[in-house]
Amino acid sequence: MPAIATIRESLDSIRAAIDDHFASEAMQSQIPDLRRSYQETDFAEIIGFTPPWVFDTALREVEELFDRQANRRDIVVAQSGNTPRKYSNLDRDALAAGSTVVPELFDSRALRSYLDQIVGETVLPVPYTPEEYIAARLHQAGDVHGWHWDDYTWALVWIFKIPDQTIGGSVDFIARAPWDRENPRVDELVAKGPVASRHPGVGNAYLLKADTALHRVAPLSEDAERMIVCYTFATESDLTRPVDHSSMEDLYPEAHERHFG
Ligand SMILES: O=C(O)CCC(=O)C(=O)O
Ligand SMILES: [Fe+2]
């Protein structure tokens, strides 16, 4: 167990590295392309989301958490039209307690102002704690994160592992197909399309306007590793409208109970 002073120093160095990274030429020079991609498709892939050592640290932390305390889920979610979730996940509290890096990025002003520039408005922390960040791991043949919408405007998904595209794990989405919670009509929307498909690279992160994009992770056709951390961010107006969290309660019952039980 490292001493408290050592932990504090390492958090300070992670924070400083993140600040420097988003201010760097390599990151700033991506902004025009990211803005264009986001404006045109509601999706943008940030190349090299963190410095490599920050990625390596986070990967070690998240792998260890999956080894020790992952929850295996195999459910269908009624709110998104009875689509499947078959994977292992870690809730927000496991990541808050067991990772130095993952919470630091959620709290980073430098990251949020970077995202502000991509979307052209103010990006805010999600107001529902269990949704701040989660981790998901698809690893067995047939694992899938089925079609759904997110409760808040933006998902930022950091890719730790992804198999070859031929095996699955791509992000499929239909942009600007808003969620009618009373009548989700997922099959109709998917049949109508157009379905965009993206296969982001390891160490990158993609930003998706996930409240209005019907999206999924394509199923694995064989055993393979796909591991991500998903952050949620909100608009000003998300903070004032009523939000139903029932699909989160299905997927992260322990976290919901801990915060609201
Ligand atoms: O794993 C992904 O790429 C997407 C995750 C996602 O859609 C979610 O957690 O809501
Ligand atoms: Fe999602």
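Predicted model: local features only at pLDDT ≥ 70, side-chain atom pairs only at ≥ 80, totals over all residues.

Trainee: Why is Asp 20 called exposed?

Mentor: Exposed means over 50% relative accessible area, buried under 20%, and partly exposed in between (1.4 Å probe, protein chains only). Asp 20 has a relative accessible area of 54%, so it is exposed. Asp 20 is found in helix H1 (residues 4-23); helices (H or I, at least four residues) and strands (E, at least two) are DSSP runs, numbered from the N terminus.

Trainee: Which residues of helix H3 are buried, and how do you know that they line one face?

Mentor: In helix H3 (residues 31-41), the buried residues are Ile 31, Leu 34 and Tyr 38. Viewed down the axis of H3, they fall within an arc of 65 degrees, and therefore line one face of the helix. The arc is that of the directions from the helix axis to the C-beta atoms. The exposed residues Gln 39 and Glu 40 are on the face turned away from the buried side.

Trainee: Against what do the buried residues of H3 pack?

Mentor: With contact meaning heavy atoms within 4.5 Å, their partners include helix H7 (109-119), strand S7 (154-161) and strand S10 (205-209).

Trainee: What makes an atom a donor of the iron ion (ligand 2)?

Mentor: Donors are N, O and S atoms within 2.8 Å of the metal (3.2 Å for Na, K and Ca); water is not among the atoms, so sites may look incomplete. His 148 (NE2), Asp 150 (OD) and His 215 (NE2) lie 2.1 to 2.2 Å from the iron ion and are its protein donors. His 148 in strand S6 (residues 144-148) and His 215 in strand S11 (residues 214-217) are 67 residues apart, a pair that links distant parts of the chain. Both His 148 and His 215 are buried.

Trainee: What is the distance from His 215 to ligand 1?

Mentor: A polar side-chain atom of His 215 is 3.1 Å from an oxygen atom of ligand 1. Asp 150 likewise has a side-chain N or O atom 3.1 Å from an oxygen atom of ligand 1.

Terms used
Residues numbered from 1 in each chain as written. Chains lettered and ligands numbered in written order. Heavy atoms only, no water. Polar contact = N/O pair within 3.5 Å; in protein donor to acceptor, adjacent residues only side chain to side chain.
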